[in-house]
Amino acid sequence: MGKRLSWGLLIGAIAVMMPPDAWAQDWKDKPVAKWTASDAQIILADSPWTKSLTAMPGKPFEKKAPADRKARRSGSHATTAPPESPQTATQDPVKLLLRWETALPVREARLKTKDPLVIPLDDGHYAVAVYGIPKSVIVADGGQSARQLKSGATLKCLGKNVLKPSRVEILLPESGPVVVYYFSRNIEITWRDRKIDFAARVGLLKFTQAFDTGEMILQGKLEL
(Lines give C-alpha, C1' and ligand atoms only; values in the text may rest on other atoms or scores of the structure.)
Protein backbone atom coordinates (compact mmCIF):
# COMPACT_ATOMS: atom_id res chain seq x y z
CA MET A 1 0.00 0.00 0.00
CA GLY A 2 2.85 2.33 0.86
CA LYS A 3 4.51 1.79 -2.52
CA ARG A 4 1.28 2.54 -4.36
CA LEU A 5 0.87 5.74 -2.37
CA SER A 6 4.47 6.75 -3.17
CA TRP A 7 3.95 6.20 -6.90
CA GLY A 8 0.75 8.23 -6.77
CA LEU A 9 2.51 11.12 -5.05
CA LEU A 10 5.37 10.96 -7.57
CA ILE A 11 3.03 11.09 -10.59
CA GLY A 12 1.11 13.95 -8.99
CA ALA A 13 4.32 15.89 -8.41
CA ILE A 14 5.40 15.41 -12.01
CA ALA A 15 2.02 16.62 -13.25
CA VAL A 16 2.32 19.79 -11.15
CA MET A 17 5.83 20.48 -12.42
CA MET A 18 4.95 20.05 -16.11
CA PRO A 19 3.55 23.01 -18.11
CA PRO A 20 -0.25 23.16 -18.59
CA ASP A 21 -0.08 22.11 -22.27
CA ALA A 22 2.15 19.10 -21.61
CA TRP A 23 -0.76 16.65 -21.33
CA ALA A 24 -2.68 18.12 -24.28
CA GLN A 25 -3.45 16.01 -27.30
CA ASP A 26 -1.35 16.39 -30.41
CA TRP A 27 -3.05 18.60 -33.01
CA LYS A 28 -3.25 15.60 -35.37
CA ASP A 29 -5.61 13.88 -32.95
CA LYS A 30 -7.97 16.82 -32.55
CA PRO A 31 -10.82 18.09 -34.69
CA VAL A 32 -9.80 21.31 -36.46
CA ALA A 33 -12.36 23.29 -34.44
CA LYS A 34 -10.55 22.34 -31.22
CA TRP A 35 -7.07 23.43 -32.30
CA THR A 36 -5.48 25.85 -29.87
CA ALA A 37 -3.32 28.83 -30.75
CA SER A 38 -0.30 26.71 -29.82
CA ASP A 39 -1.42 23.99 -32.25
CA ALA A 40 -1.76 26.59 -34.99
CA GLN A 41 1.71 28.00 -34.32
CA ILE A 42 3.22 24.52 -34.61
CA ILE A 43 1.50 23.91 -37.95
CA LEU A 44 2.74 27.23 -39.32
CA ALA A 45 6.30 26.76 -38.05
CA ASP A 46 7.13 23.04 -38.29
CA SER A 47 4.71 20.51 -39.73
CA PRO A 48 4.29 18.30 -42.81
CA TRP A 49 3.17 21.42 -44.69
CA THR A 50 5.85 23.77 -43.35
CA LYS A 51 9.57 23.15 -43.72
CA SER A 52 12.69 25.14 -42.82
CA LEU A 53 15.94 24.99 -44.74
CA THR A 54 19.19 26.85 -45.30
CA ALA A 55 19.73 28.07 -48.86
CA MET A 56 23.30 28.41 -50.07
CA PRO A 57 24.17 31.09 -52.63
CA GLY A 58 25.52 29.85 -55.94
CA LYS A 59 27.93 31.46 -58.35
CA PRO A 60 26.80 34.41 -60.48
CA PHE A 61 26.42 33.79 -64.19
CA GLU A 62 29.49 34.69 -66.20
CA LYS A 63 29.43 35.54 -69.88
CA LYS A 64 32.19 35.92 -72.39
CA ALA A 65 33.16 39.44 -73.30
CA PRO A 66 33.89 40.27 -76.95
CA ALA A 67 37.49 39.29 -77.58
CA ASP A 68 39.75 41.72 -79.42
CA ARG A 69 41.95 40.66 -82.31
CA LYS A 70 45.06 40.28 -80.16
CA ALA A 71 43.20 37.99 -77.73
CA ARG A 72 41.83 35.92 -80.60
CA ARG A 73 45.31 35.48 -82.07
CA SER A 74 46.71 34.36 -78.70
CA GLY A 75 43.82 31.98 -78.10
CA SER A 76 42.83 33.61 -74.81
CA HIS A 77 39.25 34.43 -73.83
CA ALA A 78 38.11 37.14 -71.45
CA THR A 79 35.10 36.65 -69.19
CA THR A 80 33.22 39.15 -67.16
CA ALA A 81 30.51 38.90 -64.54
CA PRO A 82 27.57 41.27 -64.72
CA PRO A 83 27.57 44.13 -62.21
CA GLU A 84 26.14 43.16 -58.87
CA SER A 85 22.42 43.84 -58.63
CA PRO A 86 20.06 43.63 -55.66
CA GLN A 87 19.09 40.15 -56.83
CA THR A 88 22.66 38.86 -56.58
CA ALA A 89 23.86 40.85 -53.58
CA THR A 90 23.70 38.18 -50.90
CA GLN A 91 26.69 35.89 -50.44
CA ASP A 92 25.71 34.36 -47.10
CA PRO A 93 23.56 31.30 -46.31
CA VAL A 94 19.93 32.26 -45.82
CA LYS A 95 17.38 30.50 -43.59
CA LEU A 96 14.08 30.05 -45.41
CA LEU A 97 10.66 28.74 -44.48
CA LEU A 98 8.51 27.01 -47.12
CA ARG A 99 4.79 26.59 -46.55
CA TRP A 100 2.02 24.88 -48.51
CA GLU A 101 -0.50 27.75 -48.27
CA THR A 102 -3.44 26.04 -49.98
CA ALA A 103 -3.46 23.11 -47.54
CA LEU A 104 -6.49 23.17 -45.23
CA PRO A 105 -4.41 22.85 -42.01
CA VAL A 106 -2.35 25.91 -42.96
CA ARG A 107 -5.41 27.98 -43.87
CA GLU A 108 -7.12 27.03 -40.60
CA ALA A 109 -3.96 27.75 -38.60
CA ARG A 110 -3.62 31.18 -40.19
CA LEU A 111 -7.21 31.97 -39.22
CA LYS A 112 -6.59 30.74 -35.67
CA THR A 113 -3.51 32.98 -35.28
CA LYS A 114 -5.20 35.91 -37.07
CA ASP A 115 -2.24 36.27 -39.42
CA PRO A 116 -2.64 39.71 -41.08
CA LEU A 117 -0.82 38.67 -44.26
CA VAL A 118 -3.29 38.00 -47.07
CA ILE A 119 -2.12 35.43 -49.62
CA PRO A 120 -4.36 35.21 -52.71
CA LEU A 121 -5.57 31.62 -53.19
CA ASP A 122 -7.85 29.91 -55.70
CA ASP A 123 -9.28 26.43 -56.24
CA GLY A 124 -7.34 25.85 -59.46
CA HIS A 125 -3.82 26.05 -58.05
CA TYR A 126 -1.53 24.71 -55.37
CA ALA A 127 0.31 27.58 -53.68
CA VAL A 128 3.75 27.25 -52.06
CA ALA A 129 5.12 30.32 -50.28
CA VAL A 130 8.75 31.04 -49.45
CA TYR A 131 9.52 33.24 -46.42
CA GLY A 132 12.85 34.67 -45.30
CA ILE A 133 14.26 35.91 -48.60
CA PRO A 134 16.32 39.06 -47.92
CA LYS A 135 14.89 42.31 -49.23
CA SER A 136 18.10 42.89 -51.15
CA VAL A 137 17.36 39.81 -53.27
CA ILE A 138 13.90 40.92 -54.37
CA VAL A 139 13.44 43.71 -56.88
CA ALA A 140 9.93 45.15 -57.17
CA ASP A 141 10.33 46.28 -60.78
CA GLY A 142 6.91 45.87 -62.31
CA GLY A 143 6.87 42.10 -62.63
CA GLN A 144 10.31 41.42 -64.11
CA SER A 145 11.44 39.61 -60.97
CA ALA A 146 8.26 37.52 -60.86
CA ARG A 147 8.90 36.36 -64.43
CA GLN A 148 12.47 35.41 -63.56
CA LEU A 149 11.35 33.55 -60.44
CA LYS A 150 8.71 31.68 -62.44
CA SER A 151 11.32 30.31 -64.83
CA GLY A 152 13.51 29.05 -61.96
CA ALA A 153 10.95 26.96 -60.04
CA THR A 154 9.57 23.42 -60.39
CA LEU A 155 7.34 20.96 -58.57
CA LYS A 156 8.17 17.31 -59.19
CA CYS A 157 6.55 13.99 -58.31
CA LEU A 158 8.08 10.65 -59.22
CA GLY A 159 6.70 9.34 -62.51
CA LYS A 160 4.86 12.55 -63.41
CA ASN A 161 5.67 15.51 -65.59
CA VAL A 162 7.56 18.31 -63.90
CA LEU A 163 5.22 21.16 -63.01
CA LYS A 164 6.23 24.74 -63.75
CA PRO A 165 4.43 27.54 -61.91
CA SER A 166 1.55 29.20 -63.71
CA ARG A 167 2.42 32.43 -62.01
CA VAL A 168 4.48 33.89 -59.17
CA GLU A 169 3.51 36.73 -56.86
CA ILE A 170 5.87 38.78 -54.72
CA LEU A 171 4.36 40.14 -51.51
CA LEU A 172 6.19 42.84 -49.58
CA PRO A 173 4.84 43.03 -46.00
CA GLU A 174 6.83 44.84 -43.31
CA SER A 175 8.06 41.50 -41.97
CA GLY A 176 9.92 40.81 -45.21
CA PRO A 177 9.32 39.56 -48.76
CA VAL A 178 7.17 36.51 -49.41
CA VAL A 179 7.31 34.77 -52.79
CA VAL A 180 4.25 32.68 -53.67
CA TYR A 181 4.45 30.06 -56.42
CA TYR A 182 1.19 28.87 -58.01
CA PHE A 183 1.04 25.44 -59.71
CA SER A 184 -1.97 24.21 -61.69
CA ARG A 185 -4.05 21.40 -60.18
CA ASN A 186 -4.60 19.95 -63.66
CA ILE A 187 -2.01 17.32 -62.74
CA GLU A 188 -3.42 15.67 -59.64
CA ILE A 189 -1.10 14.85 -56.76
CA THR A 190 -2.12 11.93 -54.52
CA TRP A 191 -0.72 10.26 -51.41
CA ARG A 192 0.58 7.48 -53.67
CA ASP A 193 3.12 9.93 -55.13
CA ARG A 194 4.95 9.60 -51.80
CA LYS A 195 7.19 12.64 -52.25
CA ILE A 196 6.90 16.11 -53.77
CA ASP A 197 10.11 17.99 -54.55
CA PHE A 198 9.87 21.78 -54.70
CA ALA A 199 12.90 23.50 -56.25
CA ALA A 200 13.51 27.18 -56.89
CA ARG A 201 16.17 29.75 -57.59
CA VAL A 202 15.91 33.30 -56.25
CA GLY A 203 18.85 35.46 -57.26
CA LEU A 204 21.92 33.49 -56.21
CA LEU A 205 19.90 31.35 -53.79
CA LYS A 206 19.12 27.87 -55.06
CA PHE A 207 17.22 25.37 -52.93
CA THR A 208 15.16 22.16 -52.97
CA GLN A 209 12.74 20.88 -50.36
CA ALA A 210 10.90 17.55 -50.21
CA PHE A 211 7.37 17.15 -48.84
CA ASP A 212 6.12 13.70 -47.79
CA THR A 213 2.56 13.07 -49.03
CA GLY A 214 2.19 10.26 -46.51
CA GLU A 215 2.49 12.82 -43.72
CA MET A 216 0.37 15.54 -45.33
CA ILE A 217 -2.82 13.78 -44.27
CA LEU A 218 -5.50 15.35 -42.12
CA GLN A 219 -8.48 13.28 -40.99
CA GLY A 220 -7.76 10.67 -43.65
CA LYS A 221 -7.42 13.10 -46.55
CA LEU A 222 -4.35 14.42 -48.38
CA GLU A 223 -4.29 18.18 -47.90
CA LEU A 224 -2.41 20.30 -50.41
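Modeller: Before we start, buried means under 20% relative accessible area, exposed over 50%, and partly exposed in between (1.4 Å probe, protein chains only). This is a predicted model, where local features need pLDDT of at least 70, side-chain atom pairs count only at pLDDT 80 or more, and totals for chains, interfaces and linings use all residues. Residues are numbered from 1 along each chain as its sequence is written, and side-chain values use heavy atoms, with hydrogens and water left out.

Colleague: Trp27 and Trp35, buried or exposed?

Modeller: Both Trp27 and Trp35 are buried.

Colleague: And what kind of aromatic pair do Trp27 and Trp35 form?

Modeller: Edge-to-face, at 5.9 Å centre to centre with 90° between the planes. Rings of Phe, Tyr and Trp (its six-membered ring) pair if their centres lie within 6.5 Å; planes under 30 degrees apart count as stacked, over 60 as edge-to-face and the rest as tilted.

Colleague: Why is the pair of Trp27 and Trp49 tilted?

Modeller: Because the planes of Trp27 and Trp49 are at 55°, with the ring centres 5.8 Å apart.

Colleague: How buried is Trp49?

Modeller: Trp49 has a relative accessible area of 0%, and Trp27 has 5%.

Colleague: Other topic. What does Pro134 contact, leaving aside its neighbours within four places in sequence?

Modeller: Val94, Pro177 and Leu205, where contact means heavy atoms within 4.5 Å. Pro134 counts as partly exposed, at 22% relative accessibility.

Colleague: How far apart are Pro134 and Leu96?

Modeller: They are 38 residues apart in sequence and 9.6 Å apart in space, C-alpha to C-alpha.
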